[in-house]
Amino acid sequence: MEITFLGTSSMVPTKDRNVQSIYLEYNGEGILFDCGEGTQRQMNIARINRLKVKKIFISHWHGDHVSGLVGLIQTVGNTENPGKLTIFGPKGTKKHMAHLMNSCIFDLRIEIEIKELVADKPKVVFETDSYEVLAASMTHGVPCLAYSFVEKDRRKMNASKLKKLGISGADIGKLQRGESVKLTGKIVEPDDVSEVIRGKKISLVLDTSLNDNISLLAKDSDLLIGEATYESSKENKAEEYNHMTAEQMAIVANNSNVKSLVLTHFSQRYKTLHDLEKEAKEIFPNTIMAFDFLKLKV
Ligand SMILES: [Zn+2]
Ligand SMILES: [Zn+2]
């Protein structure tokens, strides 16, 4: 699983930072979390194949998180076999997408599916055989969701043990699904011939003021990506504008059994992130300050 930060600025692009978008690649499938203005070009620079993107999860409809959608859909939709793109987002996503698709002249071959999500408490909103995506509502003055990408646990079979017991074919599938297998005079349990590899969890919390759902969603994450628009002395301002400070997000990480924290969505007022980094690391040492094109393997 690899994550690329395509934008790390809040509200406006700066010379060094574009607005929000995070690309996650899992088993060759691309998933985009938000798609701010200029995301396509950022993908070029990061050498990400746009055609891999089959799902986009939108946190909310403020421009810095969605204004790159038109361009991306235009490019991907004009290719030979674009297939299907599914866009997930909070309440209002269908209406906003309808406006967006009327905002220019498209000649698209792409099929677009739109899923509006409601998640007062963290819940699974999308699932495949290998992973699930959870969403939870945030506090941002407009409908807004945070997400977790959770890889499912899987069993790693021990080939030599299987061979020794003479287990093959469909029986391996059974054991992989956690079922026991009956051999002559013996029952083999999955744990006898395999070990459970715990799936990884990544949580993405953008644009919100502090609320209970953040810890609930982020609990036990291997990686928490969290907004840190302001420094702690601007906590009142953060509250007023429905954002968070680096310190607040570090406290959440500390209280949620998170392994590592990446802060992003910085206000353009900060020419250096030194103070934000210091206050976060005092509480949660394993903190990384995101920059555009930062890649992380989880
Ligand atoms: Zn924002
Ligand atoms: Zn916002």
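Predicted model: local features only at pLDDT ≥ 70, side-chain atom pairs only at ≥ 80, totals over all residues.
Visitor: Which residues coordinate the zinc ion (ligand 1)?
Guide: The donor residues follow the spacing D-H-x141-D-x57-H in sequence. Their distances to the zinc ion (ligand 1) run from 2.1 to 2.4 Å, and the residues are Asp64 (OD), His65 (NE2), Asp207 (OD) and His265 (NE2).

Visitor: What geometry does the site of the zinc ion (ligand 1) have?
Guide: Four donors count as tetrahedral if all angles lie between 85 and 135 degrees. Here the angles among the four donor atoms go from 85 to 149 degrees. The site of the zinc ion (ligand 1) is therefore classed as irregular.

Visitor: Which residue coordinates both the zinc ion (ligand 1) and the zinc ion (ligand 2)?
Guide: The zinc ion (ligand 1) and the zinc ion (ligand 2) sit 3.7 Å apart. The residue coordinating both is Asp207.

Visitor: And how many residues apart are Asp64 and Asp207?
Guide: Asp64 belongs to helix α2 (residues 63-66), while Asp207 is in the loop between β14 (201-205) and α8 (212-218). Asp64 and Asp207 are both buried. This pair links distant parts of the chain, with a spacing of 143 residues.

Visitor: On to the rings: how many aromatic pairs are there?
Guide: Rings pair if their centres lie within 6.5 Å. By that rule, the count is nine.

Visitor: Are the rings of Phe57 and Phe88 stacked or edge-to-face?
Guide: Phe57 comes from strand β4 (residues 53-57) and Phe88 from strand β5 (residues 84-89), 31 residues apart. Both Phe57 and Phe88 are buried. Their centres are 4.2 Å apart with 5 degrees between the planes, and planes under 30 degrees apart count as stacked, so this pair is stacked.

Visitor: What kind of pair do Phe88 and Phe126 form?
Guide: Phe88 lies in strand β5 and Phe126 in strand β7 (residues 123-127), so the pair ties together parts 38 residues apart in sequence. The centres are 5.4 Å apart, with 65 degrees between the planes. Since planes over 60 degrees apart count as edge-to-face, the Phe88 and Phe126 pair is edge-to-face.

Visitor: Is Phe126 buried or exposed?
Guide: Buried means under 20% relative accessible area. Phe126 has 18% relative accessibility, so Phe126 counts as buried.

Technical notes:
Residues numbered from 1 in each chain as written. Chains lettered and ligands numbered in written order. Heavy atoms only, no water. Donors = N, O, S within 2.8 Å, 3.2 Å for Na, K, Ca; no water. Tetrahedral: all angles 85-135°; square planar, octahedral: opposite > 155°, others 65-115°. Helix = DSSP H or I, 4+ residues; strand = E, 2+ residues; numbered from the N terminus. Buried < 20%, exposed > 50% of the residue type's maximum accessible area, 1.4 Å probe, protein only. Phe/Tyr/Trp six-rings, centres within 6.5 Å; stacked < 30°, edge-to-face > 60°.
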